[in-house]
Amino acid sequence: MTDPKHLHDLATPALLLNWPTARRNIERAAACVAGREARLRPHFKNHKCVPLAQAQLAAGGCCGMTVATVDEAAALVDGGIDNVLVANQVVGAARVEQLVELASRATVRVAVDAVDNAAPIGVAADARGLEVGVLVEIDVGSRRCGLPAGEPTVALVRELADVPGIRFDGIQAYHGHVVGMPLSIERDEEARRSMEPAIETRRRLQSSGIACPILSGAGTGSFQVVGSMDGVNELQIGSYVTMDWSYKQRVGDAFDIALSILATVISTRADGFVLDAGVKAIAHEFGPPQIAGQQDFVVSAFDSEEHTVVDAPGHRLKVGDHVHMTSSHCCATCNLHHQMILHDGDDVVDVWPISARGYAV
Ligand SMILES: Cc1ncc(COP(=O)(O)O)c(C=O)c1O
């Protein structure tokens, strides 16, 4: 296939990024932190695409990138991005070695919540004559990883001071249970309430003479509120660049949906049609995909790898027509594709690899 110039030249299903919309989302987030102490640390898990990360950093307001895996960190470091936080625990000799090798080439920090997941990193780093910066993770209500705020966190920070090869750089505190809350008033309230113990713990460390330069947390649904709280200086927003229909329902006008999946009508009947994209092309953890711009068209079956069945009485679509679908979960959808096709209207403006999808090793 020659390089596609127009959307109608594309093989489907294809992952599309509306570039003017994505660029506007990036600029809006940067504008939200202008003049504030808190910086954005965009979460790469949203798209896993290095050129898009470079565009986020170039827009300003950022202190670096957040990642979920060491493979994601490797993609960024190999792409020339220097300041990366692995906001998860890294365990197992192979992953620890991979992490420490990256830390020998760039500033790469990692979350820990016990001596058991911190010490092996220290041992591997010390063997190379390095120190890896760690953030102690506090569980601010998500019940994923992390320690209770206050004394248990302070106690671990004190223990880590005796572990060679690591340096305590601050606190990781992500409230996944908050960013998913549907109502903005309740979300804002819970965002503040959940972050207060982490801020208090940071103050307590500082007042006892322990430097705690970083407190990193929040997401697309909470970063504006959290960014106005004294004591939080990094905002790990992810989904704001691409968005999806489920996040859009929660954040309203703040950001717009830039990500879609281009699909082709492969069969029609009077009251509907079938598309050539199924669960292999679109993640659906938070609900089935929607047909962009067509609220009357309802996805009635989404359980096949290569089909979506749509109820659409009165539709005028023909076999071969293209349709844009939107996903309920942008991050997992990007993970299903090798590339994203940037477009402006019907024109293809670039094609970017999603190099950190899946697992590299
Ligand atoms: C640790 C961490 N920080 C930040 C985010 C970004 O969240 P959002 O996509 O809501 O902006 C996530 C998302 O899962 C996360 O796991």
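Student: How is the protein chain divided into domains?

Tutor: In this predicted model, the protein chain is divided into domain 1, made of 7-14 together with 255-353, and domain 2, which covers 19-241.

Student: And what separates the centres of the two?

Tutor: Taken over C-alpha atoms, the centres of domain 1 and domain 2 are separated by 33 Å, and the contact between the domains takes 15 residues from domain 1 and 21 residues from domain 2.

Student: How much area do domain 1 and domain 2 bury between them?

Tutor: The two domains bury about 1500 Å² between them, and 68% of that area is on carbon and sulfur atoms.

Student: Which elements give two or more residues to the domain 1 side?

Tutor: On the side of domain 1 that touches domain 2, those elements are helix 11 (330-334), strand 16 (339-344) and strand 17 (347-353), and strand 16 gives the most, with 4 residues.

Student: How do the residues on that side divide by type?

Tutor: The residues on the side of domain 1 that touches domain 2 divide into 11 nonpolar, 2 polar and 2 charged.

Student: Back to the salt bridges, what does Arg-24 pair with?

Tutor: Arg-24 forms a salt bridge with Asp-256, and the closest N and O atoms of that pair are 3.8 Å apart, which falls inside the 4 Å cut-off for a salt bridge.

Student: Switching topic, how many aromatic pairs are there?

Tutor: The count comes to 4 aromatic pairs, and one of them is formed by Trp-19 and Trp-352, edge-to-face, at 5.4 Å centre to centre and with 75° between the planes.

Student: Which parts does the Trp-19 and Trp-352 pair tie together?

Tutor: Trp-19 lies in helix 1 (residues 19-32) while Trp-352 lies in strand 17, so the pair ties together parts that are 333 residues apart in sequence.

Student: Last one, how many salt bridges does the structure hold?

Tutor: The structure holds 18 salt bridges, among them the one between Arg-41 and Glu-234, whose closest N and O atoms are 2.6 Å apart. Because Arg-41 lies in the loop between strand 2 (39-40) and helix 2 (50-58), and Glu-234 lies in strand 9 (residues 234-235), this pair ties together parts that are 193 residues apart in sequence.

Terms used
Residues are numbered from 1 along each chain as its sequence is written. This is a predicted model: local features need pLDDT of at least 70, side-chain atom pairs count only at pLDDT 80 or more; totals for chains, interfaces and linings use all residues. Side-chain values use heavy atoms; hydrogens and water are left out. Domain bounds come from an automatic or database domain assignment. Contact means heavy atoms within 4.5 Å. Buried area is the accessible area (1.4 Å probe) that two parts lose on being put together, summed over both. A salt bridge is a side-chain nitrogen of Lys or Arg within 4 Å of a carboxyl oxygen of Asp or Glu. Ala, Val, Leu, Ile, Met, Phe, Trp, Tyr, Cys and Pro count as nonpolar, Asp, Glu, Lys and Arg as charged, and the others, Gly among them, as polar. Rings of Phe, Tyr and Trp (its six-membered ring) pair if their centres lie within 6.5 Å; planes under 30 degrees apart count as stacked, over 60 as edge-to-face and the rest as tilted.
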